[in-house]
Structure formats: structure tokens, C-alpha cells
Amino acid sequence: MGANHTAEIFEGAVDWKTPSHKFLAVAMAYRADKKGVIRQTQAEIGSDVLLSRRRVAQLLEDLCEMGVMKKLQHGRYGL
């Protein structure tokens, strides 16, 4: 996880469904700690990137299915 995994994701051949998926992944990578864990709520992320909480939830679910992120705990995601 962390910086090395982030580089793999964005330099690799990820087939992004929409530009919003890549945008949110980049925004989440920017907010991740050294271990690659994001500790913000969907509402906080949505207000930072100007998307609704519902849209953020949909995008995060898609990113987890794509293997870009994984849900660790309630309100915690990992790269």
C-alpha cells in the first residue's frame, strides 16, 4: 500500500470507467496516509471534490470492484 501501490495504479493499465473514477482515485490517493489508508467520510470527500455523497459512494464501490481500492472498515478505505 501507500506510495508504491499508488504509482502502480496510476502508471499501470487501469481501464477507468469514467473520468470521475480516476479523479476520485487521485483525490483519495492525495488524502491517504503513509500506509495508504483514507480516513474521511464520504460526505467530507464529496465536499472536497464537489460531488454528492451518493455519487462518491457509487464511485468508491466501483473502485473497490475494479481493485483500485478496498474497504477496510466502516469509513476507512485503503489503496
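**View 1. Overall fold of the predicted model.** The protein has four helices and three strands, where helices (H or I, at least four residues) and strands (E, at least two) are DSSP runs numbered from the N terminus. Of its 79 residues, 34% count as buried, a term meaning under 20% relative accessible area with a 1.4 Å probe and protein chains only. This is a predicted model, in which local features need pLDDT of at least 70, side-chain atom pairs count only at pLDDT 80 or more, and totals for chains, interfaces and linings use all residues. Residues are numbered from 1 along each chain as its sequence is written, and side-chain values use heavy atoms, with hydrogens and water left out.

**View 2. The open sheet.** Three strands form an open sheet in the order β1-β3-β2 with antiparallel pairing, two strands being paired if DSSP finds at least two bridges between them. Because β1 (37-38) and β2 (70-73) stand at the edges with a single partner strand each, one side of each is left without a neighbour in the sheet. Two bridges join β1 to β3 (residues 76-78), and V37 has G78 of β3 as its bridge partner.

**View 3. Packing of α2 against α4.** Helix α2 (residues 19-31) and helix α4 (residues 53-66) pack at an angle of about 90°, with their axes 10 Å apart. The contact (heavy atoms within 4.5 Å) includes L24 and M28 of α2 together with L59 and L63 of α4.

Conventions:
Buried < 20%, exposed > 50% of the residue type's maximum accessible area, 1.4 Å probe, protein only. Axes fitted to C-alpha atoms, helices over the stretch in contact; angles between N-to-C directions.
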